[in-house]
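Please keep the sequence and the structure in view while reading.

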Amino acid sequence: MATQRGYLVINAGSSSLKFSVFHRDGRGRLRLAVTGQISGIGGEPCFEARDDQRRRCGERRWNAAENPDRAALLAFVLDWVEKALPDTRLVAAGHRVVHGGSRFTHPVVMTPAILDELEDLVPLAPLHQPHNVQAIRCLAEAHPSLPQVACFDTAFHSTQSWQAQTYALPQELAEQGVRRYGFHGLSYEYVSRHLADTMPKIPRRLVIAHLGNGASLCAVHNGRSVDTTMGFSTLEGVPMGTRPGNVDAGLLLYLMREKAMGLDDIEDLLYRKSGLLGVSGLSNDMRVLLESEDHRASDAVDLFCWRVAKEVAALATSMGGIDALVFTAGIGENSPPVRSRVCHHLGWLGVRMDPQANDTKQRIISVDGSAIDVLVIPTDEERMIATHTMALLDSVARESATGPSRKKVVASGS
Ligand code: ADP
C-alpha cells in the first residue's frame with residue numbers, strides 16, 4: 001500500500017488531550033483516519049481511539065501511581081499513531097490554541113519566536129493556553145522537523161466591529177488587551193463554511209449556538225463573525241456545564257468583600273462550581289439533568305434554555321435580523337428537548353419548529369413557513385484545524401518554490 005500523507009491534529013485541554021489524524025488524497029481532500037483522546041489527565045489517565053467508522057481501535061489506562069506527565073502522554077499518542085497507521089507519513093501537526101490575542105488573526109506556522117509570543121498570552125487564558133503551548137513545545141522537541149501550525153479559537157472573531165469588541169471601561173485598559181475576543185471560533189468557522197458549501201440558498205444572517213460543556217453563540221453576517229457571547233474570557237455569555245455565564249461584576253466585589261473569598265475561591269466558583277452543576281446541585285451533564293426527576297435539574301435546564309434564547313435575540317439585533325439559527329456541539333446536536341425549549345422562547349420571532357424533524361435529528365428542524373430556518377449541523381473543529389494546516393503549509397510551499405524570499409508564515413484569507 002502506498003504511503004499516505006497524514007495531518008495530526010492536537011487539542012490539548014486542561015484534563016484531556018484530544019487527537020485526530022486526517023489523510024490527504026490526491027485532490028487535496030481530507031479523510032479522517034483515526035481520532036481519540038486521553039481523558040483524566042492529572043488523575044488516572046485513560047486513552048481511547050476510534051477509526052474512521054467510529055469503531056474502537058485502541059485503549060489503555062494508567063493508574064495514579066504511574067502518574068505519566070503530559071510529555072509522556074503525547075509521546076504515547078505519537079507512538080500509538082505510528083503503530084496504528086504504519087503506512088502514514090505525518091507531514092504536519094495542527095494545534096487548537098485557545099488565544100491568539102490581538103495579533104494572531106489567522107493560523108500561523110510555529111517558530112520558536114511565535115511560541116514565545118503565545119506563551120506571553122497565558123495570562124489571558126491561564127487555564128487553557130499553557131497546555132496548548134506545552135503540547136507544541138513537546139512535539140517540537142520530539143519531532144523537530146515536523147511543521148506545526150497553531151489555529152486560534154479567537155481568530156474568527158477578529159472581523160468584529162469596535163463596538164462588539166469593546167467594554168465600557170477606561171480605554172487605557174483596552175490598549176493593554178482588556179477587550180472582548182470571543183472563543184469557539186474554529187467551530188463557528190466550520191459550521192458557517194459547511195452551510196455555505198451545502199445550502200442552495202445561504203442564509204445571510206446566522207446565529208450559531210455552540211452548546212457543549214462550554215457554550216457560546218455567534219452572529220455570523222455574510223460569513224463573518226459580527227458578535228459573540230463570550231468576551232475577554234470563556235466565562236461571559238450563557239450558563240455552561242460548570243460556568244455561570246454573565247454575572248454582575250458587583251457580585252464578585254461583594255463575594256470578596258463580604259464573604260472573604262480569595263482569587264482561587266472565585267476562580268473555582270466561576271469555572272468549576274457554577275452553571276448547570278451549580279444550579280442543579282447534581283451534574284454538569286445535560287443528559288443526567290434531562291433524565292432526572294429532581295426539580296432542581298429541570299430548573300437548571302429551563303434557565304439554560306431561556307438564557308440561550310435571550311442571546312439569540314440579542315445577536316439578531318447585531319445583524320439587524322436573523323435568517324437562520326443553527327444548533328451545534330454536544331447539547332446542540334444531541335438534545336431535542338433543549339432545542340425545542342429554546343425555539344419555544346423564540347416563537348414571538350416567528351420561529352416554528354417541526355417536532356418530528358427535531359426528534360429524528362433532521363438537518364432542518366423548522367417547518368416550511370417558519371420565519372427563521374432552524375438547523376442542526378454537527379461541528380468538526382478538528383477538520384477545520386487540519387484544513388487550515390494543509391492550506392497554510394501549501395501556500396508557504398508555493399511561495400518558497402516560486403515567490404519572494406520573504407517567508408510567509410501567516411495565512412491570508414484562510
Ligand atoms: P466540550 O467540547 O465543550 O467538552 P461537547 O461539545 O463534547 O463539550 O458537549 C458535551 C456535553 O454535551 C455533555 O456535557 C452533555 O451535557 C451534552 N450531551 C451529549 N450528548 C447529549 C444528549 N444526547 N442529550 C443531551 N446532552 C448531551
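The sections below take up the ligand, a cavity, a pocket and the salt bridges in turn.

## The model and its ligand

The structure shown is a predicted model, and the ligand in this model is surrounded by Gly 212, Asn 213, Gly 214, Asp 285, Met 286, Arg 287, Ala 329, Gly 330, Ile 331, Asn 334 and Ser 335. Sorted by class, this shell has three nonpolar, six polar and two charged residues. Helix H10, which covers residues 286–291, and helix H12, which covers residues 329–334, each supply at least two residues of the shell, and the largest share, four residues, comes from H12.

Several polar backbone atoms can be followed from the protein to the ligand. A polar backbone atom of Gly 330 is 2.9 Å from an oxygen atom of the ligand, while for Ile 331 a backbone N or O atom lies 3.4 Å from an oxygen atom of the ligand. At Asn 334, a backbone N or O atom lies 3.3 Å from a nitrogen atom of the ligand. Taken alone, the ligand exposes 580 Å², and the protein buries 69% of that area.

## An enclosed cavity

Rolling a probe the size of a water molecule over the atoms shows where empty space is left. In this model the count comes to one cavity of 30 Å³ or more, and the largest cavity holds about 70 Å³ of space.

The residues that line the largest cavity are Ala 12, Leu 17, Ile 41, Arg 70, Leu 73, Leu 74, His 131, Gln 134, Ala 135 and Cys 138, and they divide into seven nonpolar, two polar and one charged. Helix H1 (70–84) and helix H3 (129–142) each supply at least two residues of this lining, with the largest share, four residues, coming from H3.

## The second largest pocket

How much space lies in the second largest pocket? The volume there is about 830 Å³, and of the 27 residues that line this pocket, the closest to its centre are Phe 232, Ser 233, Leu 235, Leu 252 and Leu 270.

By class, the lining of the second largest pocket divides into 19 nonpolar, six polar and two charged residues. Helix H7, residues 249–258, and helix H8, residues 263–272, each supply at least two residues of the lining, and H8 gives the largest share, which is five residues.

## Salt bridges

Side chains of opposite charge can pair when their charged atoms come close. A search of the whole structure finds 24 salt bridges, and one of them is formed where the side chains of Arg 137 and Asp 116 meet, with a distance of 3.7 Å from N to O. Because Arg 137 lies in helix H3 and Asp 116 lies in helix H2 (residues 112–120), this pair ties together parts that are 21 residues apart in sequence.

Key
Residues are numbered from 1 along each chain as its sequence is written. This is a predicted model: local features need pLDDT of at least 70, side-chain atom pairs count only at pLDDT 80 or more; totals for chains, interfaces and linings use all residues. Side-chain values use heavy atoms; hydrogens and water are left out. A residue is near a molecule or strand if one of its heavy atoms lies within 4 Å of it. A polar contact is a pair of N or O atoms within 3.5 Å; within protein, one must be able to donate a hydrogen and the other to accept it, and residues adjacent in sequence count only if both atoms are side-chain atoms. Accessible areas come from the Shrake-Rupley method with a 1.4 Å probe; for residues, only the protein chains shown count as cover. Ala, Val, Leu, Ile, Met, Phe, Trp, Tyr, Cys and Pro count as nonpolar, Asp, Glu, Lys and Arg as charged, and the others, Gly among them, as polar. On a 1 Å grid over the protein atoms alone, a cavity is a set of points where a 1.4 Å probe fits but cannot get out, and a pocket is an open set with protein on both sides within 12 Å along at least five of seven lines; lining residues have an atom within 4 Å of a point. Grid points are joined across faces, edges and corners, and a volume is the space filled by probe spheres set on the points. A salt bridge is a side-chain nitrogen of Lys or Arg within 4 Å of a carboxyl oxygen of Asp or Glu.
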